Amino acid sequence: MIDPRTSIIKKRFSNIKRIIAVTGWKGGIGKSVTASVLSLILSKKGKSCGLLDLDFTGASDHIILGAKNIFPKEEKGIVPPEVNRIKFMSISFFSDGKAVPLRGNNVTDAIIEMLAITRWGRLDYLIIDMPPGINDTALDVVRLIDKTEILALTIPSVIAKDVLHRSLELYKRLKVPIIGIIKNNLSYLKKTGLHDIPYDDKLEAALGFPDKLLKTKFSRSLENIMSPLLKL
Ligand SMILES: Nc1ncnc2c1ncn2[C@@H]1O[C@H](COP(=O)(O)OP(=O)(O)OP(=O)(O)O)[C@@H](O)[C@H]1O
Ligand SMILES: [Mg+2]
């Protein structure tokens, strides 16, 4: 069956120059801080930027950005509210602070609905915070938004490295461009060929405060990594 919403989705994304999905194949490895801080960096550099939190069970970008008392407006669809000049859309707006118990087809349906109703307008960048793993959400995003590029995150662990390789293979097969692979050093630093973000013991205290976040070691490292990759 053809879902009429998929053609609306194409229209909704037609005025966005680049769409970057921040993915990683494990939970708790820094995808959300990376997606949120990258949006802050882009907005600080004068780019128009949107942030879409697609982690249905663990939406957390609103906490990282300290977004309080904001809500999307209904106007021929849904207009995302702004946080630090970032257009921000999250399932958390609709879940009343509770985890959303969605499975299989329901996840796909909720994603299609959110992509179809959100009016981003003109954007230089849309950053998508993905849930862990290559699952329905990941495949749906790639299928529904054909401009998607991947920014992959990993951590210094043998198991994570193995999963990373297998997942990168899959994205290559699906012909989705991978713009960079970042190793987030949650525990210790060991040199590899990947872009490194060091462990930052001040990061946790900065969560919820965009200005403080931009001054962290984490943000400076991410800016150094992303500036050449995105030609900022
Ligand atoms: N380089 C770092 N230094 C210090 N703390 C970090 C670093 N990277 C991430 N963290 C912390 O680790 C925790 C998990 O990060 P985050 O929520 O971004 O992970 P995630 O991959 O999005 O998790 P999930 O899979 O649950 O969505 C956060 O509290 C964050 O502040
Ligand atoms: Mg997350």
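This is a predicted model: local features need pLDDT of at least 70, side-chain atom pairs count only at pLDDT 80 or more; totals for chains, interfaces and linings use all residues.
Let's start with the shell around ligand 1: its residues divide into 9 nonpolar, 9 polar and 4 charged. Residues are numbered from 1 along each chain as its sequence is written, and chains are lettered from A and ligands numbered from 1 in the order in which they are written.

Back to the ligand. There are 22 residues surrounding ligand 1, and the closest are Gly27, Gly30, Lys31, Ser32 and Val33. Being near a molecule here is a matter of the C-beta atom, placed from the backbone, lying within 6 Å of it. Which element gives the largest share of that shell? That's α2, with 3 residues. Both α2 and α8 (203-206) supply at least two residues each.

Next up, the core. The largest nonpolar core has 53 residues, and Val22, Ile127 and Ile128 touch the most other members. A nonpolar core means a set of buried Ala, Val, Leu, Ile, Met, Phe, Trp, Tyr and Cys residues joined through C-beta atoms within 7 Å. Helix α2, residues 31-44, gives the most to this core, with 7 residues. As for "buried", a residue needs 20 or more other C-beta atoms within 10 Å of its own; with 12 or fewer it's exposed, and in between it's partly exposed, with C-beta atoms placed from the backbone.

Take Val22. Leaving out residues up to four places away in sequence, Val22 touches Lys31, Thr34, Ala35, Ile127, Ile128, Asp129, Met130, Leu151 and Leu153. Contact means that the two C-beta atoms, placed from the backbone, lie within 7 Å.

Now a helix pair. Two packed helices are described by the angle between their axes and the distance between the axes. Here α2 and helix α10 (residues 217-230) pack at about 70 degrees, with axes 10 Å apart. That makes α2 roughly perpendicular to α10. The labels go like this: under 35 degrees is roughly parallel, over 145 roughly antiparallel, 65 to 115 roughly perpendicular, and the rest oblique. Axes are lines fitted to C-alpha atoms, for helices over the stretch in contact, and angles run from 0 to 180 degrees between N-to-C directions.

Who makes the contact? From α2 it's Val33, Thr34, Val37, Leu38 and Ile41, and from α10 it's Phe218, Ser219, Leu222, Glu223 and Met226. By class, that contact has 7 nonpolar, 2 polar and 1 charged residues.

Let's zoom in on Ile41, in helix α2. Ile41 and Ser219 are 178 residues apart in sequence, yet their C-alpha atoms are 7.7 Å apart.

Staying in helix α2, we get to Lys44. Lys44 is partly exposed, since 16 other C-beta atoms lie within 10 Å. Lys44 and Arg85 are 41 residues apart in sequence and 8.8 Å apart in space, C-alpha to C-alpha. Arg85 itself sits in the loop between β5 and β6.

Asn84 is in the loop between β5 (82-83) and β6 (86-90) too. Phi of Asn84 is near 50 degrees, a positive value in a residue other than glycine. Lys231, in the segment after α10, also has a positive phi of about 50 degrees without being a glycine. Lys231 counts as exposed because it has 6 C-beta neighbours inside 10 Å.

Technical notes. Helices (H or I, at least four residues) and strands (E, at least two) are DSSP runs, numbered from the N terminus. Ala, Val, Leu, Ile, Met, Phe, Trp, Tyr, Cys and Pro count as nonpolar, Asp, Glu, Lys and Arg as charged, and the others, Gly among them, as polar.
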